[in-house]
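Here are my notes for you, with the structure to follow. Keep it open while you read, and look up each residue as you go.

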Amino acid sequence: MKKITLTTLFTIPLVICAGGAIAQEELNALVWCDHTDPGFVEPFEQANNVKVNLKDYEGTGTALSLIEQSQPGDWDVFVVDGIDVPRVVEAGLLAPLPEDALPTADLFPEIVMPENHVIDGKTYAITEKFGYNTISYNSNTVDAADVADISVMWNEKYKDRIAIYDYYLPVMGLVAMSLGIDTADIQESDLPAMRDRLFEMKDVSRQVGEVVSSQTAIATGEVDILVGGGEWVTAGLTSELPHLDWVIPEQGAVRWSQSVGVFADSKKPDLALKFVQYILSPEGQARLATSSCYWAMPANSKAADHLTDQQKKALRWDDQAAYLANAQLYPAPDAELDAKMQDVWTEFLQH
Amino acid sequence: MGPASRNATGDSRGWVFVGPAVLWTLAFFVVPFVVMVGYSLWQREGTELVRAWSLANYAGFFDKPHFVEGLVNSLEITALVTVISIVLAYPLAWIIAERVPRRWQRLALLLAILPFWTSYVVRSYAWLLVLSRGGYLNQWLMGAGLIESPLEIAATRIATVTGFVHFFVMLLTLTIYANLVQLSPNYRRAAADLGAGPLRTFWQVILPLTLPGIMVGAFLTFVLCIGDYITPQILGGNNELVLPQIIMLQITRRADFPTAAALSIVLMVVVTLAYIAAARWLRMERV
């Protein structure tokens with residue numbers, strides 16, 4: 001009797017736990033780090049009694065290698081760089097989304113980007129967040145007139161006070177713009193001039209770093225200017241470090257965007273679509289825009305109703321029309337040009 | 001039971017004891033290594049993995065100067081770190097072994113290796129706080145009136161070497177100390193009897209006898225340092241790339257596992273050559 005009692009005592013909690021685990025569905029999403037903020041994902045989990053397993057990554061290359069090492073059906077939702085959507089659709093990774101289930105009409109028109117998301121008449125992804133790779137700076141130590149011109153990226157006046165964000169596409173896009181080349185028109189023949197300009201930038205820079213070290217460098221005063229920065233670096237810090245600012249130079253800036261879609265092999269396409277709908281809802285968009293990992297503009301214009309005035313000010317909500325007009329999309333090289341651009345970038349790092 | 005069957009029984013018993021180690025080595029070294037060699041002979045073209053065997057990735061290594069430069073940087077930094085770590089670790093190990101009373105030696109060793117207990121990444125970021133423009137070192141130097149403007153140490157090779165040396169001095173101290181405490185005091189007495197002073201005794205007797213400890217530590221330092229990318233990534237500021245950083249770039253930016261595998265094999269060949277050279281030069285079989 002004693003044995004039965006003990007066994008029962010140990011077994012009941014296990015059964016309860018197992019039962020709970022069975023009752024709760026799970027969704028696996030491959031995302032950028034802003035989606036891992038509990039404040040963003042928990043409302044969806046609670047409302048749908050679902051556990052969202054989030055794996056964050058940097059760079060589409062990493063995501064593709066993660067997918068390559070996974071089994072079909074392992075992943076349900078995919079957040080990917082907007083310019084890479086055609087590439088992942090071509091690889092057969094995304095399923096078409098029902099257009100009537102998406103709030104496309106509420107999105108800022110410039111970032112709908114049907115050329116990237118609609119292929120053969122089918123919509124495979126939708127923009128969820130966007131921002132700019134431009135110039136972040138310390139307004140206490142840097143002259144606002146200097147950062148209004150893109151030449152600040154190689155300005156000797158700020159030698160050893162400049163950090164460069166270590167991502168070749170946006171920074172090479174800025175370099176192309178400084179040379180008068182549109183980001184969409186970058187050719188292999190432009191690479192030598194871009195390499196020379198990058199080397200000039202390296203000569204005056206202090207460091208080239210990924211997100212955390214770039215943010216740390218400008219926040220701690222190690223550098224005063226961050227090339228490739230933008231609202232995603234400084235907007236979330238404005239309450240603590242109001243002297244950190246960002247600007248789009250006269251010559252323009254590079255616009256980045258992230259898109260979300262549902263994996264073609266997902267075993268839970270309905271739940272995955274529900275998660276996409278939550279992300280695109282005004283509430284979800286406001287939470288995503290102010291995620292602890294980084295802030296940036298929500299794609300859905302109706303998110304304004306769920307953001308405070310201070311949040312909108314930090315995101316420069318009212319300036320978006322002008323900014324969007326003066327920004328070009330990330331370069332979207334084909335595989336061959338992409339490999340050559342990465343070689344130039346590695347040379348730049350090694351310079 | 002005749003001698004032949006006893007030998008057979010002995011052989012099979014031997015295999016029972018050796019078998020797990022052989023299986024372990026096969027599963028966790030030989031098989032992954034063969035897979036990596038196989039991968040290095042394939043190619044990544046766009047998003048496709050082309051499973052046709054060729055040496056293109058190895059040829060690519062020598063075609064691209066920034067790849068070769070990465071290897072040169074790795075070798076230079078590793079050599080610098082190994083030499084500086086030995087120079088710092090030897091006196092430390094000697095003081096602990098010879099000058100610290102026996103009962104305090106364990107505590108002294110514990111204090112020497114205490115930094116090992118903190119996370120490697122955290123330790124690297126901590127060094128960044130010390131070495132940065134507004135960091136503790138610059139604050140102290142400026143406060144003491146020794147410099148007028150902050151030194152630029154973070155995001156340089158000096159920062160990378162500093163981070164590495166901090167780690168490897170601890171490792172070398174352990175291996176040299178282990179060697180020093182095993183030396184019989186009779187060596188010194190005999191040298192003194194023969195008229196050698198302390199300096200000559202050290203140079204001609206103690207140092208050669210502790211070479212095995214130095215070489216074991218130096219080789220471990222070489223292998224761990226040349227394969228590391230975290231310290232150069234955090235402290236070096238991406239201002240010069242070492243080969244492991246270039247390998248990581250192939251994986252994270254391109255998902256190009258074949259090139260990454262080929263570069264890893266190149267790195268492994270370099271480590272093997274270093275081992276063979278060190279073993280021949282110093283007769284490592286004594287170690």
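This is a predicted model: local features need pLDDT of at least 70, side-chain atom pairs count only at pLDDT 80 or more; totals for chains, interfaces and linings use all residues.

Residues are numbered from 1 along each chain as its sequence is written, chains are lettered from A and ligands numbered from 1 in the order in which they are written, and side-chain values use heavy atoms, with hydrogens and water left out.

1. Let's begin with rings. Rings of Phe, Tyr and Trp (its six-membered ring) count as a pair if their centres lie within 6.5 Å; planes under 30 degrees apart are stacked, over 60 edge-to-face, and the rest tilted. The count by this rule is 30 aromatic pairs over all chains. One of them joins A:Tyr167 to A:Tyr168, edge-to-face, at 5.6 Å centre to centre and 85° between the planes. A:Tyr168 is buried at 4% relative accessibility, and A:Tyr167 is buried too, at 12%. (Buried means under 20% relative accessible area, exposed over 50%, partly exposed in between, using a 1.4 Å probe and protein chains only.)

2. Another edge-to-face pair is A:Trp246 with A:Tyr323, with 5.4 Å between centres and 65° between planes. This pair links distant parts of the chain, 77 residues apart: A:Trp246 is in strand S11 (residues 244-247) and A:Tyr323 in helix H14 (residues 320-325) of chain A. A:Trp246 is buried, at 3% relative accessibility, and A:Tyr323 is buried at 14%.

3. Next, charges over rings. The rule asks for NZ of Lys or CZ of Arg within 6 Å of the ring centre and within 35 degrees of the ring normal. A:Lys202 lies over the face of A:Phe348, 5.5 Å from the ring centre. In chain B, the charged end of B:Arg51 sits over the ring of B:Trp42, at 5.1 Å from its centre.

4. Finally, check the backbone. A:Asp160 is not a glycine, yet has a positive phi of about 65°. You'll find A:Asp160 in the loop between helix H6 (144-147) and strand S8 (162-165) of chain A, partly exposed at 23%. B:Asn238 also has a positive phi, near 55°. Is B:Asn238 buried or exposed? Buried, with a relative accessible area of 2%.

Methods. Helices (H or I, at least four residues) and strands (E, at least two) are DSSP runs, numbered from the N terminus.
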